[in-house]
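Morning, everyone. Let me put the model up, and then we'll walk through it.

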Amino acid sequence: MLERIDQHKVFGGQQLRYRHRSQCLSCEMTFSLFLPENKNNRPTPLVLWLSGLTCDDQNFSTKSGFQKMANQLGLAVAIPDTSPRGEHVADSSDWDLGQGAGFYLNASQEPWKRNYQMYDYISQELSQLVPVLVPEFNGKEAIMGHSMGGYGALLLGLKKPERFQSISAFAPITQASQVAWGQKAFSAYLGTDQTSWRDWDLVHLISQTKQSPPIKITQGLADDFYPKQLQADQFLEASHHLPLEYQLVEGYDHSYYMIASFIDEHLKFHASHLQ
């Protein structure tokens, strides 16, 4: 059963929060949803936002200020949590593994595989739940995210190019199999046999992709994690044949200050492809 647990008016639209029992994740989950003001019953597209490590479904809605531009553009925005949650869900004492760090993939290893099926949760379960909550939903979707969520947005966008009209990311983990964050998550969730990582590796996926939705990436040059955790050379080389804009911005870090500074630009990018 879907239960609405929070509601606020903001910039003319409605910021909502829901709780439900997830079949994919075998636990209770929450997600947030912004609905734009729509007095004229115009068709409404949906943008999916995926958050980064340690975040939940509320960080983006409370820190980015996205609602003003989303309302002006007539975009609904759905924000899922970053992992399964609960006292019976496997976890780690490390901040970059376990709850808050689901990596938007389907785990195959114990003790993670029972709950950590985030790819199926986002691509299947939420795709059934959210659209019915959007009045005048026109069937068009885009996807975006930050850091681990930027990885997730690129992952889902490349695996589901027929579903999403556009993809964007802030400071994404584009070479997960080659950096510490990704290697740690992949080893735990997928096992140490690196051949099992290929289906979740963006460099491999994008090198096999002949056509993709337009992609926009913004990366701050003052980001403490750039370039060590957020190196992108091989990803960019493998994507040279695709419509991808990679934007380096001087002075911006990894925080929501960076996201807030460029969120309007990203939403306009998506709106241009969701008409």
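How many cavities of 30 Å³ or more does the count come to? One cavity. By cavity I mean a set of points, on a 1 Å grid over the protein atoms alone, where a 1.4 Å probe fits but cannot get out. Grid points are joined across faces, edges and corners, and a volume is the space filled by probe spheres set on the points.

Before I go on, the ground rules. This is a predicted model, where local features need pLDDT of at least 70 and side-chain atom pairs count only at pLDDT 80 or more, while totals for chains, interfaces and linings use all residues. Residues are numbered from 1 along each chain as its sequence is written, and side-chain values use heavy atoms, with hydrogens and water left out.

Back to the cavity. The largest cavity holds about 50 Å³ of space. Its lining residues, meaning those with an atom within 4 Å of a point, include Leu46, Leu48, Ile122, Leu126, Glu141 and Arg163. S4 and H3 are the elements that give two or more residues to that lining. H3 gives the most, with three residues. Helices here are DSSP runs of H or I, at least four residues, and strands are runs of E, at least two, numbered from the N terminus.

Next, charge pairs. Side chains of opposite charge can pair when their charged atoms come close. A salt bridge here is a side-chain nitrogen of Lys or Arg within 4 Å of a carboxyl oxygen of Asp or Glu. The whole structure has eleven salt bridges.

Take Asp96 and Lys184. Their side chains meet in a salt bridge, 2.7 Å from N to O. The pair links distant parts of the chain, 88 residues apart. Asp96 sits in the loop between strand S5 (76–80) and helix H3 (118–129), and Lys184 in helix H5 (residues 180–190). Buried or exposed? Asp96 is buried, at 10% relative accessible area. Lys184 is partly exposed, at 28%. The cut-offs: buried is under 20% relative accessible area, exposed is over 50%, and partly exposed is in between, with a 1.4 Å probe and protein chains only.

Asp81 and Arg85 also form a salt bridge, with the closest N and O atoms 2.9 Å apart. Asp81 is buried at 3%, and Arg85 is partly exposed at 26%.

Then Glu110 and Lys113, at 3.8 Å from N to O. Glu110 is exposed at 57%, and Lys113 is partly exposed at 39%. Elsewhere, salt bridges that share partners join Glu3, Arg19 and Glu28 into one network.

Stay with Glu110 for the backbone. The peptide bond from Glu110 to Pro111 is cis, with omega near 0°. Pro111 is in the loop between S5 and H3. Another cis bond joins Tyr226 and Pro227. Pro227 lies in the loop between strand S8 (215–220) and helix H7 (233–238).

Phe103 has a phi of about 65°. Phe103 is in the loop between S5 and H3, and it is buried at 0%. Asn41 has a phi near 55°. Asn41 is in the loop between strand S3 (27–35) and strand S4 (44–50), and is exposed at 52%.

How values were computed. On a 1 Å grid over the protein atoms alone, a cavity is a set of points where a 1.4 Å probe fits but cannot get out, and a pocket is an open set with protein on both sides within 12 Å along at least five of seven lines; lining residues have an atom within 4 Å of a point.
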